[in-house]
Amino acid sequence: VDPVASIPKWVSLTCPRLLLNRDLVGDFRVEATGRKMGSITTERDVFYEGDCDDGVRKICDLAGWSGMDFVPPHEDRII
């Protein structure tokens, strides 16, 4: 939903972009191979297909930040 959906268009054409989402949306492009997480989908785009929380956990694992409880379960959040 705009204006948040427009944010990826605000960055320069040389800025790397990462989309964590269940669906490929916006102007992100996937190569014919359809490779995902960690694979360049254009010169600057990377797409992780799945839940955002799972994608962030994967990035944290790759960065060596495993075991950190950074996202509490939804039912435990205080609103």
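Colleague: What should I know about the model before we start?
Modeller: The model is predicted, so local features need pLDDT of at least 70 and side-chain atom pairs count only at pLDDT 80 or more, while totals for chains, interfaces and linings use all residues. Residues are numbered from 1 along each chain as its sequence is written, and side-chain values use heavy atoms, with hydrogens and water left out.

Colleague: OK, how many salt bridges does a search of the whole structure find?
Modeller: The search finds three, where a salt bridge is a side-chain nitrogen of Lys or Arg within 4 Å of a carboxyl oxygen of Asp or Glu. Side chains of opposite charge can pair when their charged atoms come close.

Colleague: Which residue does Arg 17 pair with?
Modeller: Arg 17 forms its salt bridge with Asp 45, and the closest N and O atoms are 2.8 Å apart. This pair links distant parts of the chain, since Arg 17 is in strand S1 and Asp 45 is in strand S2 (residues 45-49), 28 residues apart; strands here are DSSP runs of E with at least two residues, helices are runs of H or I with at least four, and both are numbered from the N terminus.

Colleague: And is Arg 17 buried or exposed?
Modeller: Arg 17 counts as buried because its relative accessibility is 8%, and Asp 45 counts as buried at 2%. The cut-offs are under 20% relative accessible area for buried, over 50% for exposed and partly exposed in between, with a 1.4 Å probe and protein chains only.

Colleague: What about Asp 51, where is its partner?
Modeller: Asp 51 forms a salt bridge with Arg 22, with the closest N and O atoms 2.5 Å apart. Asp 51 lies in the loop between S2 and helix H2 (52-62) and Arg 22 in the loop between S1 and S2, so the pair ties together parts that are 29 residues apart in sequence. Asp 51 is partly exposed at 31% relative accessibility, whereas Arg 22 is exposed at 57%.

Colleague: Where do Asp 54 and Arg 57 lie?
Modeller: Both lie in helix H2, three residues apart, which is about one turn of the helix, and their side chains meet in a salt bridge of 3.6 Å, N to O. Asp 54 is partly exposed at 36%, and Arg 57 is partly exposed with a relative accessible area of 33%.

Colleague: Changing topic, what is Leu 19 in contact with?
Modeller: Leaving aside neighbours within four places in sequence, Leu 19 is in contact (heavy atoms within 4.5 Å) with Leu 24, Val 25, Phe 28, Val 46, Phe 47 and Tyr 48. Leu 19 belongs to strand S1 (residues 17-21) and is buried, with a relative accessible area of 12%.

Colleague: Which residues line the largest pocket?
Modeller: Leu 19 is one of them, and others include Val 1, Pro 8, Val 25, Gly 26 and Phe 28. By class, the lining has seven nonpolar, two polar and three charged residues.

Colleague: How far is Pro 8 from Gly 26?
Modeller: Their C-alpha atoms are separated by 8.3 Å, although the two residues are 18 residues apart along the chain.

Note on methods: 1 Å grid on protein atoms, 1.4 Å probe; cavity = no way out; pocket = protein on both sides within 12 Å on 5 of 7 lines; lining within 4 Å. Nonpolar A, V, L, I, M, F, W, Y, C, P; charged D, E, K, R; others polar.
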